[in-house]
Amino acid sequence: MFRKDFGLMLYVADVAAEKVFWSEAGFVIISESEMMGFDTFDMKPHADSTVTITVFAKEFIQQVSPEVADNVPSILFEVDEIEALHENISALTDTCSPVTEMPFKIF
């Protein structure tokens, strides 16, 4: 019934800035397009991942699906070296939280 691939949608204020951020964080941009005058892109956390994240402009979503425009997902990425990733993300943004140990290492 369900495919092994999984898609997630993120709604953001600035698609271009998000593309730069996620690319620098190590994500693979797999496609870019335009819908109704709004840029969008698809990315994966790893080239072989079965998860695709599509980033849409929040303004676009407010036009086509206003009931979901303010929904905010909680996303958990599993990594082998959380401290190295934290260092990388901290260099990209000043909104990165510190690593905490409870209930497991997260930031």
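This is a friendly conversation about how to read the features of one predicted protein model.

Biologist: Next, the strands. Which strands pair with E4, and in what sense?

Modeller: Strand E1 (residues 6-12) pairs with E4 in the parallel sense, over seven bridges. To find the spot on screen, look for Phe-6, which stands opposite Val-51 in E4. E3 also pairs with E4, but in the antiparallel sense and over three bridges. There, Phe-41 stands opposite Val-55 in E4. E3 and E4 form a hairpin, with six residues between them.

Biologist: Why is E4 described as largely enclosed?

Modeller: Count its buried residues; a residue is called buried when its relative accessible area is under 20%. In strand E4 (residues 51-57), five of the seven residues are buried, so the rest of the structure largely encloses this strand. Across the chain, buried residues make up 22% of the 107 residues.

Biologist: Now a helix. Which residues of H3 are buried, and which exposed residues does the face turned away carry?

Modeller: With a helix, ask where the buried residues sit around the axis. In helix H3 (residues 82-92), the buried ones are Ile-82, His-86 and Ile-89. They lie on the same side of H3, because they cover an arc of only 70° around the axis. The face turned away from that buried side carries Glu-87 and Ala-91, which are exposed. As for the cover over the buried residues of H3, it includes helix H1 (15-24).

Biologist: What about charged side chains? How many salt bridges are there?

Modeller: The count comes to five salt bridges. For each one, find the two partners, then ask which parts of the chain they belong to. Glu-32 and Lys-19 meet through their side chains, at 2.6 Å from N to O. Since Glu-32 lies in strand E2 and Lys-19 in helix H1, this pair ties together parts that are 13 residues apart in sequence. Glu-32 is exposed, with a relative accessible area of 53%, whereas Lys-19 is partly exposed at 26%.

Biologist: Where do Lys-58 and Asp-70 lie?

Modeller: The side chains of Lys-58 and Asp-70 meet in a salt bridge of 3.8 Å, N to O. Lys-58 lies in helix H2 (residues 58-64) and Asp-70 in the loop between H2 and H3, so the pair ties together parts 12 residues apart in sequence. Lys-58 counts as partly exposed, at 28% relative accessibility, and Asp-70 is exposed at 58%.

Biologist: Which residues are linked in a network of salt bridges?

Modeller: Glu-83, Glu-101 and Lys-105 are linked in such a network. Within it, the side chains of Lys-105 and Glu-101 meet at 3.9 Å, N to O.

Biologist: Finally, the surface. Which residues make the nonpolar patch?

Modeller: Met-35, Met-36 and Val-64 make a nonpolar surface patch of about 280 Å². Met-36 sits in the loop between strand E2 (28-35) and strand E3 (38-44), and it is exposed, with a relative accessible area of 58%. The accessible surface of the chain comes to about 7,700 Å², and 54% of it belongs to carbon and sulfur atoms.

Technical notes
Residues numbered from 1 in each chain as written. Predicted model: local features only at pLDDT ≥ 70, side-chain atom pairs only at ≥ 80, totals over all residues. Heavy atoms only, no water. Buried < 20%, exposed > 50% of the residue type's maximum accessible area, 1.4 Å probe, protein only. Helix = DSSP H or I, 4+ residues; strand = E, 2+ residues; numbered from the N terminus. Arc of directions from axis to C-beta. Contact = heavy atoms within 4.5 Å. Patch = residues over 30% accessible without salt bridge, like charges linked within 9 Å, V, L, I, M, F, W, Y side chains within 5 Å. Areas by Shrake-Rupley, 256 points an atom, 1.4 Å probe, with all protein chains shown as cover. Salt bridge = Lys/Arg side-chain N within 4 Å of Asp/Glu carboxyl O. Pairing = 2+ DSSP bridges.
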